[in-house]
2 protein chains.
Amino acid sequence: MPPAGATARAEQRATVEAAAHERRVDPALGELLEELRPFEEAHDPDSFEAGVVRVARRDYEKAVCVPPALQAELERAGSLGYRAWLQARAENDYSVMLPHIERNLDLRGQYVECFAPHDDPYDVLLDDYEPGMTTAEVVAIFARLKERLVPLIRAVTEGDPVDDSCLHGTFSYEAQRRVSMEIMRAWGMDDDAWRLDDTVHPFEVSLATGDIRLTTRFDADNVHGILSCLHEFGHGLYERQVDPRYARTSLADGVSSAFHESQSRLWENLVGRRLSTWRFFYPLLQREMPTFQSVPLETFHRALNKVQPTLRRVDADEVTYGLHVVLRFEIERELLAGSLHPRDLPDAFDARMVEYLGVRPPDLANGCLQDVHWSDMSLGYFPTYQLGNVVSVQLWERAEADLGDFDEQFEHGEFDPLVEWLREHVHRYGRLYEPRELLERAVGGPIDPEPYLGYLERKLEELFGAAVAS
Amino acid sequence: MPPAGATARAEQRATVEAAAHERRVDPALGELLEELRPFEEAHDPDSFEAGVVRVARRDYEKAVCVPPALQAELERAGSLGYRAWLQARAENDYSVMLPHIERNLDLRGQYVECFAPHDDPYDVLLDDYEPGMTTAEVVAIFARLKERLVPLIRAVTEGDPVDDSCLHGTFSYEAQRRVSMEIMRAWGMDDDAWRLDDTVHPFEVSLATGDIRLTTRFDADNVHGILSCLHEFGHGLYERQVDPRYARTSLADGVSSAFHESQSRLWENLVGRRLSTWRFFYPLLQREMPTFQSVPLETFHRALNKVQPTLRRVDADEVTYGLHVVLRFEIERELLAGSLHPRDLPDAFDARMVEYLGVRPPDLANGCLQDVHWSDMSLGYFPTYQLGNVVSVQLWERAEADLGDFDEQFEHGEFDPLVEWLREHVHRYGRLYEPRELLERAVGGPIDPEPYLGYLERKLEELFGAAVAS
């Protein structure tokens, strides 16, 4: 968007959001949902019929708690915050951002109070992304992650530096795109329902189960864009495999942010950084990018899995990533509780980066303004990234228990069984079950960081000999 | 959009259009507009205050004539027609398209009857694009155009063939883009409020007066994309120069399709194909595209203005373009009146192409399905393209009478006086006046094809010695 369009965009978004919210909270909708209670009760709770009424009612009951004027103001202030965020980053000037942080934080506080009483104000915001999850649960999970990840990272970074020079060089746009497309096609992407386009910040959006849009950015000097495609593919596959009968109902969506992220991280990391996967695809990579012809597969694979604390969350490796999220979660809770004032955000962020990762941001764009999420104080989203990593390994282990050794399958290019398992146990249900119940049904237990931690510890020991007490 | 997304898109568009239409026809809006009558009458009719109420009421009074269900159905059938149009073109199979033409034509007929009684059913559709214009006026104008353009084209095509080989070759994307941008910047485009992006079918869209989006397509083997940019620039400049006080009101838009097209054609043809313009910009073109270094300016200018009957409206030269529009207008009236059955559309189209232009379409994509407009039977739009050409020359002659010889200004790179004249006499008013009144105020008279015909006849005689009785 051209800069001069930002003010009008803020007004437009506020208008559309207010109009949409009016419909979400229309009393006539509430009456219809009441009329449908006998219909819902006459159907099996697992049925489409009962589910669609149940989920629509839950959405309605949440929506009516928020006055349309506040909803519109959140949208307007968020748009203005976004513009300020762009400017503050470009000029490395936090004073541009501070009033927007304060304003948006104040509005989030008003939003939280719409749902009083609550055990923890952060619960209210978390529930928008991860229905049913409590802040106390996240605190407990993140404490275990911190306890185990910090020594793990120390152990692996104390070893010999991993040579990842093969991932840097000059790579053509077309070759990167062809490699990405061929891998995703082997995983089930097709031209009938999917697109891949270019963007600055990669994302996935689906406008219907038959209209899945992936975006990525291929840089000329590294191959990160390929991994980024595989990440967005995971989001797309989830939306693509929702039961088509759910189309245009409240059920036709991913169940939560953590579940969505579990799918993107599963395809990016568990599949996309795996040796057996690349046993199958490495000849393709070498054909398209001849510089890899002199690089042994194992060297490439080690490089893909290099662990090194860095400044930016989105570029972080699979292991340090978790600490980026943990520190954001801690800061968000402190901002919301008022124990951290917005003016002190940059210092608090930088101090924790030094403490957890040993690196100090040189500027705002590599520090507390690196992510878009705080441009409108969208608190509650960050933790779901790491919960997604946790869930991804729980699903993976259960799928492998059902389907047999994945390495054996992947090195022969057999990805369909995993795609189908995910459809059967996760994707097709859309929002039919709450995340907690969906996980229970899929893996037979609650969310548990142990498989994720065990996976990382085993992998790092195998790859880099990083022996840690576990 | 991926093909599998089309059905959902049709439903989404129908839903959004129905929701928007409900608001447009909300009785509360009608009551507010009634309450505002004394306010409107207390203000000068030329004022913003009176104008915004008057125009909002006119929009409301038109909208309430159309049932929301019909409005939604037009949107749904239009989306499905679009998908069928893509398929029918790709497969050169009219049977794919026929049921959609029939359905959309039937819906247009229902729409027309919402506005009964009317003198001519086509008046109703024309009014959506060209408020206040009657079919009878268009018939009279087009009769004069046909009478003069047919012999003019014959005279010019009977002369020696014009060598336009310099416009064909190999031209880099980047060079074409830089040339286009530098020309448009000299005309007032800036990065604060404008963007230029790539597309298959060029268009302009403005989301606010500070958010002007142009799109184009640069082909490697010709420079047509540059002229296409200049065309879209004209649309963009109109939206950019609407009085900023009108933002987010009913006044903040171009007044009609013909006025919009007059602006795009003015910048594309009257400025963009002019010798004095290229006296200023040709060194830029030669610097960016060295093949032009051996081409004399006059050769390039003659090539830019070559007249040759061809199959496709969008690629047509400035002179034959008018006949493409006239034949579409005639066919649209016959379809609406029922004197031409949709199944006979391809034959009727091809026969008239032979009669008016001497060329026979080899397939549907170069024949009656070449334009998107009939995919949803958006009748009434085509004539405004040619009315725009007519208006563009009326405005041009009046501006030059006010400002002095444009050739003298352009060859020194002075385009600001024209940009400012258009702002002052056309753009800033947005929709404040009806098109007829705006034209009267700007040029001192009604729409008149004579300046346009005189301009073409003079230009062709000067350039190609095509002497015609005029």
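Modeller: Happy to! Keep in mind that this is a predicted model. Let's begin with A:Asp405, which is partly exposed because its relative accessible area is 44%, between the 20% and 50% cut-offs.

Colleague: Where is A:Asp405 placed in chain A?

Modeller: A:Asp405 sits in the loop between α16 (382-403) and α17 (406-410) of chain A.

Colleague: Let's go to helix α16 itself. Is A:Thr384 buried or exposed?

Modeller: A:Thr384, which is found in helix α16 of chain A, counts as buried because its relative accessibility is 0%, and buried means under 20%.

Colleague: What is A:Thr384 in contact with, leaving aside neighbours within four places in sequence?

Modeller: With those neighbours set aside, A:Thr384 is in contact with A:Tyr129, A:Glu130, A:Ser257, A:Ala258 and A:Glu261.

Colleague: New topic: how many salt bridges are there over all chains?

Modeller: The count comes to 96 salt bridges over all chains. One of them joins the side chains of A:Lys459 and A:Glu318, at 2.7 Å from N to O. A:Lys459 lies in helix α20 (residues 450-464) of chain A and A:Glu318 in the loop between α13 (297-304) and α14 (321-337), so this pair ties together parts that are 141 residues apart in sequence.

Colleague: Are A:Lys459 and A:Glu318 buried or exposed?

Modeller: Both A:Lys459 and A:Glu318 are buried.

Colleague: What about chain B, say B:Lys62: which residue does it form a salt bridge with?

Modeller: B:Lys62 pairs with B:Asp128, and their closest N and O atoms are 2.5 Å apart. B:Lys62 is in helix α4 (residues 48-63) and B:Asp128 in helix α7 (residues 121-129) of chain B, so parts that are 66 residues apart in sequence are tied together. B:Lys62 counts as partly exposed because its relative accessibility is 24%, and B:Asp128 is partly exposed too, at 33%.

Colleague: And B:Arg213 with B:Asp211, are they buried or exposed?

Modeller: Both B:Arg213 and B:Asp211 are buried. Their side chains meet in a salt bridge, 2.5 Å from N to O.

Colleague: Last one: back in chain A, which residues are linked with A:Glu11 in a network of salt bridges?

Modeller: That network links A:Glu11 with A:Glu73, A:Arg76, A:Arg103 and A:Asp106.

Terms used: Residues numbered from 1 in each chain as written. Chains lettered and ligands numbered in written order. Predicted model: local features only at pLDDT ≥ 70, side-chain atom pairs only at ≥ 80, totals over all residues. Heavy atoms only, no water. Helix = DSSP H or I, 4+ residues; strand = E, 2+ residues; numbered from the N terminus. Buried < 20%, exposed > 50% of the residue type's maximum accessible area, 1.4 Å probe, protein only. Contact = heavy atoms within 4.5 Å. Salt bridge = Lys/Arg side-chain N within 4 Å of Asp/Glu carboxyl O.
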